[in-house]
Amino acid sequence: MTTADTLLPGLPDPVIDSQRVFRVVLDAMARPGTLVDLPLSLKVPAPLDPATAAVALALADVDTRLWLDGAVGADAVRAYLRFHCGCPLTEGPAAADFAIVVDPQAMPPLAAFNAGSDEFPDSSTTVIVQVPTLDGGEPWTFTGPGIRDRVRLAVAGLPPAFRGWVAENHAGFPRGVDLIFTSGTRLAALPRSARLEG
Amino acid sequence: MTGATGYNFAYLDEQTKRMIRRAILKAVAIPGYQVPFGSREMPLPYGWGTGGIQVTAAVIGPDDRLKVIDQGADDTTNAVSIRRFFARTAGVATTERTTEATVIQTRHRIPETPLVEGQILVYQVPIPEPLRWLEPRETETRKMHALADYGAMHVKLYEDIARFGRIATTYDYPVLVNGRYLMRPSPIPKFDNPKMHMNPALQLFGAGREKRIYAVPPYTAVKSLDFEDHPFEVQRWDQACAICGSADSFLDEVVTDDRGGRMYVCSDTDHCTSQQTRKEAAE
């Protein structure tokens, strides 16, 4: 059986659907900590969730290097992303434009990814972290651009050190990585500009 | 779906849109920072809003309702042709009502009607770099932004005060975004600067010739530069709009004859029309 036989389809309508996925990601990035729903349904290879795959399908292409953590690096997933995005895969998190983490407990610290430079902070990695739920964990409070007063985000399944990494990531502003948390068909974003309170 | 055959939805090819979308996301994550992007040749000349059009093309979808204004007006050449461009290439609905629009592309004004959450305001930007007339070298201005070294701009404003007794900049007035990046708000009158502060809408800026995209997320602090003894002030008029009677909107001076006759009317045509309708309904 060849890969083509087992390969799952990508976005049903690549033009319109990538626009719709982008708009929810933009909405999430513009309103940090707010949960948004994926506007479409998608069949994706395990262990990816639809939201995780949709973000990659909508934004990654031949110009972006993608890093996959050990758990997601299954052949089916690699073949799926290579075929639909055409993106080169990289072994080093510091070289990645996008990173997909499906096992947060085993993930490298955020500092291991590319934080960009002071002159070009936009060259940093966007880290997609797939978690069990977006509203069942310990609630963290954030302030900053895009947040009217304050927002509470309760992502579950993150390693104990993650809170410290987020604070450290913001402290380096304008350098830093931007986070997109995904779970099932929902997602929330945490750009570097979001300040952790308390 | 697409109005014009032979073209992709919203004119640009998908890889270009993805590249612009990635730039927009980084711009939102770093408010006020200018993200370089691979600006494409568009079917209209630089200076006509190629940056704004590319941002709009990357953002817009079939469910959107687009409004385009040029100096506040919906019915000038630039606004009409851009609106028609997207009606043809993306088949999107268009409107002249600020309250009905989901995406508003603007040249040199912010609508008088307050924007709401979920709306996206796309600015056409000629020169994105606020320090460009003070320091011509890109390598240097980039370093100045990296170090948040904005003393030169304060000196420029001080020199205005020393020479004219007041800050003489009336449009494209420099702002500090989120307390970090110095930003050019594009040539909007400084009258509009306070509207950028804590605006519920997402503000995106596109400069086509200069190949930069930047953003101000909703509810973000945008401070116009000033001094304690020379606080920032906006323009005021003695007149009210000659058509709708509005006393708090930005007015254009219109010369009516060759004997010195002139009238002042709202620059925002949608605002003017809705004020007239309201007045007529009251009478």
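Me: How many nonpolar, polar and charged residues does the lining of the second largest cavity have by class?

Reply: Ala, Val, Leu, Ile, Met, Phe, Trp, Tyr, Cys and Pro count as nonpolar, Asp, Glu, Lys and Arg as charged, and the others, Gly among them, as polar. Here the lining has five nonpolar, two polar and one charged residues. The model is predicted, with pLDDT of at least 70 needed for local features and 80 or more for side-chain atom pairs, while totals for chains, interfaces and linings use all residues. Residues are numbered from 1 along each chain as its sequence is written, chains are lettered from A and ligands numbered from 1 in the order written, and side-chain values use heavy atoms, without hydrogens and water.

Me: Which residues line the second largest cavity?

Reply: On a 1 Å grid over the protein atoms alone, a cavity is a set of points where a 1.4 Å probe fits but cannot get out, a pocket is an open set with protein on both sides within 12 Å along at least five of seven lines, and lining residues have an atom within 4 Å of a point. In this case they are Val166(A), Asn169(A), His170(A), Leu179(A), Leu190(A), Pro191(A), Arg192(A) and Ala194(A). Helix α5 (residues 162–171) of chain A supplies the largest share, three residues; helices (H or I, at least four residues) and strands (E, at least two) are DSSP runs, numbered from the N terminus.

Me: What volume does the largest cavity have?

Reply: Grid points are joined across faces, edges and corners, and a volume is the space filled by probe spheres set on the points. For the largest cavity the volume is about 80 Å³. Its lining includes Glu119(A), Arg142(B) and Arg212(B), and by class has two nonpolar, three polar and five charged residues.

Me: What is the volume of the largest pocket?

Reply: The largest pocket has about 340 Å³. Among its 16 lining residues, Thr64(A), Asp97(A), Asp122(A), Arg22(B) and Ala23(B) are the closest to its centre. α1(B) gives the most to this lining, five residues.

Me: At what angle do the axes of helix α3 and helix α4 of chain A cross?

Reply: Axes are lines fitted to C-alpha atoms, for helices over the stretch in contact (heavy atoms within 4.5 Å), and angles run from 0 to 180 degrees between N-to-C directions. Angles under 35 degrees count as roughly parallel, over 145 as roughly antiparallel, 65 to 115 as roughly perpendicular and the rest as oblique. These two axes come within 9 Å and cross at roughly 30°, and α3(A) and α4(A) are therefore roughly parallel to each other.
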